[in-house]
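These are my notebook entries on one structure. I set out to record strand pairing and charged side-chain contacts.

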Amino acid sequence: FRPGGFLTQLGGTLGVRLEDFSALVRPESDDPGERFAPFGPFAGGTATGTLFAEEIEAVDAEVVARFPSGRAAGRPAMTRRFAGRGSAWYLATVPDEPGTQQIVDGLLAAAGVGPVLPGLPAAVEVTRRGDLVTVINHGATAVAVALTGTDIVTGEPVAGVHLDPDGYRFVLTDGRAATD
């Protein structure tokens with residue numbers, strides 16, 4: 001612990017000040033007390049916090065979501081502070097898995113980060129380095145991927161990729177777009 005309390009080193013960057021650190025009771029426990037800390041709305045939804053629900057004050061930050069109930073009722077649950085060309089986000093709880101996914105998806109979308117080739121199954125990995133696109137099928141079934149360019153291994157033109165399970169291709173694109 002540092003003099004001045006928790007968040008003294010990052011509090012200014014995050015624009016928040018911690019007033020109290022409130023542990024939640026583990027959901028599987030028989031002990032009395034709060035088990036969950038719902039919060040929202042953000043990115044079109046709500047989430048459920050676990051483990052703790054900090055009582056913070058937004059000193060120089062935008063409140064993105066609040067705790068609507070419990071000990072931290074009305075307090076900020078998620079904040080954002082703009083700094084230069086970026087922003088610093090703070091989450092005053094540990095979200096459950098669906099909440100974590102929703103938060104990550106929202107942050108990626110806000111940052112303009114998206115898949116190289118949208119609409120593919122989760123088992124298909126696609127990376128781009130310059131004009132080289134690597135496609136790997138980690139799934140148990142074959143997939144078709146709309147991708148054009150030149151196969152870097154064979155030198156043959158590519159007008160769509162068919163990948164068996166555990167299959168992969170390296171396709172050199174023209175740099176304008178990876179898909180038709």
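Is aspartate 151 buried or exposed? I worked from a predicted model, and in it aspartate 151 is buried, with a relative accessible area of 6%.

**Entry 1: the partner of aspartate 151.** I looked up the contact of this side chain and found a salt bridge between aspartate 151 and arginine 169, at 2.7 Å from N to O. The pair links distant parts of the chain, since aspartate 151 lies in strand S11 and arginine 169 in strand S13 (residues 168-172), 18 residues apart. I noted that arginine 169 counts as partly exposed, at 23% relative accessibility.

Entry 2: I then traced the strand order and found an open sheet of five strands, S9-S10-S13-S11-S12, with antiparallel pairing. Strand S9 (124-129) and strand S12 (157-163) stand at the edges; each has a single partner strand, so one side of each is left without a neighbour in the sheet. From one strand to the next, the twist averages 25 degrees. I also examined the pairing of strand S11 (residues 143-151) with S12, which is antiparallel and runs over six bridges. Within S11, valine 145 stands opposite valine 161 in S12.

**Entry 3: arginine 75 and glutamate 55.** I next looked up a second salt bridge, in which the side chains of arginine 75 and glutamate 55 meet at 3.9 Å, N to O. This pair also links distant parts of the chain: glutamate 55 is in strand S4 (residues 55-58), whereas arginine 75 is in the loop between strand S5 (62-66) and strand S6 (76-83), 20 residues apart. I recorded glutamate 55 as buried, with a relative accessible area of 10%, and arginine 75 as partly exposed, at 24%.

**Entry 4: arginine 17 and glutamate 19.** The side chains of these two residues meet in a salt bridge at 3.3 Å, N to O. Arginine 17 is partly exposed, with a relative accessible area of 41%. Glutamate 19 is partly exposed as well, at 37%.

Technical notes
Residues are numbered from 1 along each chain as its sequence is written. This is a predicted model: local features need pLDDT of at least 70, side-chain atom pairs count only at pLDDT 80 or more; totals for chains, interfaces and linings use all residues. Side-chain values use heavy atoms; hydrogens and water are left out. Two strands pair if DSSP finds at least two bridges between them. Helices (H or I, at least four residues) and strands (E, at least two) are DSSP runs, numbered from the N terminus. Axes are lines fitted to C-alpha atoms, for helices over the stretch in contact, and angles run from 0 to 180 degrees between N-to-C directions. A salt bridge is a side-chain nitrogen of Lys or Arg within 4 Å of a carboxyl oxygen of Asp or Glu. Buried means under 20% relative accessible area, exposed over 50%, partly exposed in between (1.4 Å probe, protein chains only).
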